[in-house]
Amino acid sequence: RSQAHAHTCTQHTHKLRSRVTYGIALLLYCHLPSMQLQYLYEETNKHFIIPEKNFKLLKGEESITTYTFNTHYAKHTFCSICGVQSFYTPRSNPDGRGIAPHCLDPGTVTSIKVTNFDGQNWEQSMSMDSSITLRSK
């Protein structure tokens, strides 16, 4: 990882604001519906993972709506006004946060590396490469 840096995150309604500590080079995990069909889908879950201690919600707790499904390990948090997901608690890293890069305020990221992850076949993907779990340590 690159040297730690404080990034601020704001979604477009400015109801939620947070600070995350991470390097200036992002390692994004891209959860795709199916690795073989990845180019057919525009919507993917792109995020980078940080330890919980590196996340601070600065504004907007009252504007957060949380959604869970299936195993209820993942906590999907959305702005209750606009529906944007700027952060969440991932199933793979319940001790961390997944941060959506599109909510980072501009000017603090120098590079991005994307790692694809087949979220539709989560258990199989985790058995092939569980390194994602180390990102919240």
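His5 belongs to strand β1, which covers residues 5–10, in what is a predicted model. With a relative accessible area of 30%, His5 counts as partly exposed, because that label is given to values between the 20% limit for buried and the 50% limit for exposed. Setting aside neighbours within four places in sequence, His5 is in contact with Val20, Thr21, Tyr22, Gly23, Ile24 and Thr108. For one of these residues, Thr21, the C-alpha atom is separated from that of His5 by 5.4 Å, although the two residues are 16 residues apart along the chain.

Turning to the aromatic rings, the structure holds 3 aromatic pairs. One of them is formed by Phe55 and Phe87, whose rings are 4.7 Å apart centre to centre and tilted, with 50 degrees between the planes. Phe55 sits in strand β5 (residues 55–59) and Phe87 in strand β8 (residues 87–89), so this pair ties together parts of the protein that are 32 residues apart in sequence. Both Phe55 and Phe87 are buried.

Among contacts between residues at least 6 apart in sequence, 58% join residues that are at least 24 apart. Of the 137 residues of the protein, 42% count as buried, while the accessible surface comes to about 8000 Å², with 52% of that surface belonging to carbon and sulfur atoms.

Note on methods. Residues numbered from 1 in each chain as written. Predicted model: local features only at pLDDT ≥ 70, side-chain atom pairs only at ≥ 80, totals over all residues. Heavy atoms only, no water. Phe/Tyr/Trp six-rings, centres within 6.5 Å; stacked < 30°, edge-to-face > 60°. Helix = DSSP H or I, 4+ residues; strand = E, 2+ residues; numbered from the N terminus. Buried < 20%, exposed > 50% of the residue type's maximum accessible area, 1.4 Å probe, protein only. Contact = heavy atoms within 4.5 Å. Areas by Shrake-Rupley, 256 points an atom, 1.4 Å probe, with all protein chains shown as cover.
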